[in-house]
Amino acid sequence: MINIVIFGKPGAGKGTQAEFLKSKYNLIHISTGDLFRHHISNKTSMGLKVTSIIKNGDLVPDKLTIDILENEVKKYNNTNGFIFDGFPRTINQAKKLDDFLKSLSMQISFTIALEADDEILLHRLLKRGETSGRSDDINKVKILNRFQEYNEKTLPLKEFYSKQNKFFTINGVGDIKVISERLISIIENS
Ligand code: ADP
């Protein structure tokens, strides 16, 4: 079994590369952002709770996020593994994920961060916002807030997973296929 966490600031290409890894290694792709957006478009009680938080570019409280993640993982038995995209995003989420996976006799195999400069990411997100319909992709101030949330709350995970020898970084700028090759090389050589 192989369980991968993909890190990266908004716009780094987590979703795109997660879809590639999903088909290459036959994994289950879980994006907490996609799960929240599904709730928002279905106007569920969860969706109503998180609509303005996501629109503002703030992180959803850990409790809600951990619940949604655990419920999703529990839906699948006998899989080759999972790709966690956008989760964990805080130290508390990472600790809870370790405990939860342990209770299922599973563990994170490794984590990979896609890196790119803020100017490139801002450009990508504003471009995506022209067509994605995502309320958090159209406003520069909200996008910069998402970068800030990442720097403050998610970057400390680098040290958390480095201590477990499970943290890798790759350059997230370039041709999508070339970036996929960089990912494969980490997965196959570690
Ligand atoms: P991006 O990485 O481009 O911001 P996502 O789809 O991963 O896109 O996340 C969109 C939004 O969903 C985040 O800005 C945040 O509000 C919320 N979200 C997603 N995952 C988490 C998480 N693990 N913890 C807290 N909030 C989350």
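**Pockets and a helix pair**

Author: In this predicted model, the lining of the largest pocket divides into 9 nonpolar, 16 polar and 13 charged residues.

Reader: What is the volume of the largest pocket?

Author: The largest pocket has a volume of about 820 Å³, and of the 38 residues that line the largest pocket, those closest to its centre are Lys 14, Arg 89, Arg 128, Arg 134 and Arg 146.

Reader: And which element gives the most to that lining?

Author: H2 gives the most to the lining of the largest pocket, with 5 residues; the elements that give two or more residues also include helix H1 (14-25), strand S2 (28-31) and helix H6 (118-132).

Reader: Switching to packing, at what angle do H2 and H3 pack?

Author: H2 and helix H3 (residues 45-56) pack at an angle of about 115 degrees, and their axes are 8 Å apart. That angle makes H2 roughly perpendicular to H3, and their crossing is left-handed.

Reader: Which residues make the contact?

Author: Phe 36, His 39 and Ile 40 of H2 make the contact with Met 46, Gly 47, Val 50, Thr 51 and Ile 54 of H3, and the residues of this contact divide into 5 nonpolar, 3 polar and no charged.

How values were computed. Residues are numbered from 1 along each chain as its sequence is written. This is a predicted model: local features need pLDDT of at least 70, side-chain atom pairs count only at pLDDT 80 or more; totals for chains, interfaces and linings use all residues. Side-chain values use heavy atoms; hydrogens and water are left out. On a 1 Å grid over the protein atoms alone, a cavity is a set of points where a 1.4 Å probe fits but cannot get out, and a pocket is an open set with protein on both sides within 12 Å along at least five of seven lines; lining residues have an atom within 4 Å of a point. Grid points are joined across faces, edges and corners, and a volume is the space filled by probe spheres set on the points. Helices (H or I, at least four residues) and strands (E, at least two) are DSSP runs, numbered from the N terminus. Ala, Val, Leu, Ile, Met, Phe, Trp, Tyr, Cys and Pro count as nonpolar, Asp, Glu, Lys and Arg as charged, and the others, Gly among them, as polar. Axes are lines fitted to C-alpha atoms, for helices over the stretch in contact, and angles run from 0 to 180 degrees between N-to-C directions. Angles under 35 degrees count as roughly parallel, over 145 as roughly antiparallel, 65 to 115 as roughly perpendicular and the rest as oblique. A crossing is left-handed if the near helix is turned anticlockwise from the far one by less than a right angle, and right-handed if clockwise. Contact means heavy atoms within 4.5 Å.
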